[in-house]
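Here are a few friendly notes to read alongside the structure. Take them one at a time and look for each feature as you go.

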Amino acid sequence: MTNMVEVEGLSKSFPPSTKVVAGVSFSVREGEVFSLLGPNGAGKTTTIRMLTTLTSITEGKAMVGGHDVSKDPGAVRNLIGVVPQDVTLDNELKGIENLLLSAKLHHVPNAVATKRATDLLHLVDLDESMGNRVSTYSGGMKRRLQLVTALVHEPRILFLDEPTVGLDIQTRTRIWDYIRQLNRERGLTIFMTTHYLEEADQLSDIVAIMDHGGIRVSGPPSDLKASLHGDVLTISIDGGGNDLVDFLRSIPNVTEVTRVDHSYRLKLPKVESALPEIITGVASRGLKIIETSFSKPTLDQVFLEVTGRSMRDAEESNGNHDRFGTVHARETR
Amino acid sequence: MIGETLVLGRRALTKWVRNPFAVIVTSIQALFWLALFGNSFNPANAFSSTSGGSLGPLQQAFGGAPNYITYLAPGVIGLVALTGMSFMGVDLVFDRINGYLDTLRAFPIPRTSIYFGGVVQNIAKGMVAAPITFALALVIPDGLRLTPGFGVLNLIGVFGVVALLTAVFATFFTGIAISVKSTDSFFAAVNFLTFPFMFTSSAFFPLSFFPGWLKPLAQANPITLASDAMRLLILNSTLSTPQVQALLGDLAGMSVIGVLFVALGMAMARNALKAR
């Protein structure tokens, strides 16, 4: 597989403020779904804007589809579809007119364009409303139309900036389905930014966690989560004592055991594989398990691990900047 | 390049046909200039002895016009082209604000086609106003009086001049619209720039009334060139050789200004649309 995107030491500064994107490097392989995950103000939008030729690159190099973004933006524009964070449709035109306009400006022949436009509108269930003006559409409908507007010229890579921000959960899952479908059925390479952990986890082949303009860690979501050394199992046991702690520690792969009264907290790579041994061990000591619960690691924990704060805290602290407009300015430039 | 320009121009016109309010209001605005300004500032009012709105001793200075509205009407057609073109570029400002311009910037189209798309649609809109203004001038009392021999060629000539003038202003103001970042600055810039064009022109009064220092500037004003050209075509059924030369001079002057504005507008568009 070849690389659709290759980024080396990419930086952006908007003088006089500090670097919004500070030397990031990554690559996206053809057919992959790649997510930049991070709180608002992390530099995700600026990164996507540099890759889509909208914002100039201060330092470093970015290649999209084998073309240098700075030196040959025209070639890059031929290969990409861009779905911006805010809906940018022409409200006074009909749904299908928006699509055909995009097709014409991408030099798609008329006959082909009409066929593709109808197919795409069918894909996102807008067949019935395609003859209505966009001003009559709901927020979710606009988002779906925006998505297919970026596809009518059959780009080789689709850039999505926060594709589901501000949408209700139903519409969000629908958009996820479309994105999956496009990736699986058409083999479309997808580069997206998101600050929804679940979105990144569900859709991505590769997640890169971004904070303060830098990529802290990247890899398949399952690997990132596995790097936390696993699951957390909590069991409450009637009776028992420090000898039980010793027993639990002796179980292979258990990395950590902490006891609070009757409750024992174990850290281990995979709960399922150790559970039978724990149960028989406890039972053989004549003790009774009252309650068990376990949690699988989440990307939020990965974020916490690499940045030292949770996504929500990061959002809130960046939100404070937003009041002064700095983050907003960064994100929209 | 031409293809993209026409696609973008058509986008705007489709919208305009669905919502023609702005174009119609701009066109009807001409009525205020003709009926209100034309009567309150009519120099004939100074000569109570003259009848039928005749300009009396001033007729010669006003290019031989039989009444003031006949002199004023071509000027008003020019003013409507100016004000219409100045404000209609606002579409591009909204495109920038709501992000549509960024969407276009990520498309594989020449940056200048966005500029020329704006120019083309503005010219098309502007050309709606001119016949309306012309008709209004004809129907109001003591209004525009065409030369008895006024024919199809004169009419084509008048609208050819309007088209050229509209293009001159469209190329200029579209450059402004594509460069500004907010509606506030757009309207401030437009207001700032329209008045000099308006008041240094021969739209209201002949240049012979102007002080010496203002005359060269006024002579180069595209509204002066266009109004003078239209007056030649309205007041004369056939043109003498000096008149033909004057007409060609006016057209050449407007063309030179137009070419300069296109160059300026393209540079402004490239600068405003490049990645930063």
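How many helices and strands does the secondary structure of chain A come to?

1. Chain A comes to 13 helices and 14 strands. Please keep in mind that this is a predicted model.

2. Next, the overall dimensions. The C-alpha trace of chain A spans about 80 × 50 × 45 Å along its principal axes. Chain A has 333 residues, and 42% of them are buried.

3. Now look at how chain A folds back on itself. Take the contacts in chain A between residues at least 6 apart in sequence: 69% of these join residues at least 24 apart.

4. The largest nonpolar core has 151 residues, and the members that touch the most others are Val64(A), Phe159(A) and Val76(B). Helix H8 of chain B, residues 152-179, gives this core its largest share, 14 residues. There is also a second, separate core of ten residues, with Leu233(A), Ile235(A), Ala274(A) and Val282(A) among them.

5. Setting aside its neighbours within four places in sequence, Val64(A) is in contact with Met4(A), Val5(A), Leu51(A), Val69(A), Val76(A), Leu79(A), Ile80(A) and Ile157(A).

6. Finally, see where the chains meet: 20 residues of chain A are in contact with 19 residues of chain B. On the chain B side, helix H1 (2-18) and helix H6 (100-105) each supply at least two residues. H1(B) gives the largest share of that side, six residues. Sorted by class, the side of chain B that touches chain A has seven charged, seven nonpolar and five polar residues.

Conventions. Residues are numbered from 1 along each chain as its sequence is written. Chains are lettered from A and ligands numbered from 1 in the order in which they are written. This is a predicted model: local features need pLDDT of at least 70, side-chain atom pairs count only at pLDDT 80 or more; totals for chains, interfaces and linings use all residues. Two residues are in contact if their C-beta atoms, placed from the backbone, lie within 7 Å. Helices (H or I, at least four residues) and strands (E, at least two) are DSSP runs, numbered from the N terminus. Ala, Val, Leu, Ile, Met, Phe, Trp, Tyr, Cys and Pro count as nonpolar, Asp, Glu, Lys and Arg as charged, and the others, Gly among them, as polar. A residue is buried if 20 or more other C-beta atoms lie within 10 Å of its own, exposed if 12 or fewer, and partly exposed in between; C-beta atoms are placed from the backbone. A nonpolar core is a set of buried Ala, Val, Leu, Ile, Met, Phe, Trp, Tyr and Cys residues joined through C-beta atoms within 7 Å.
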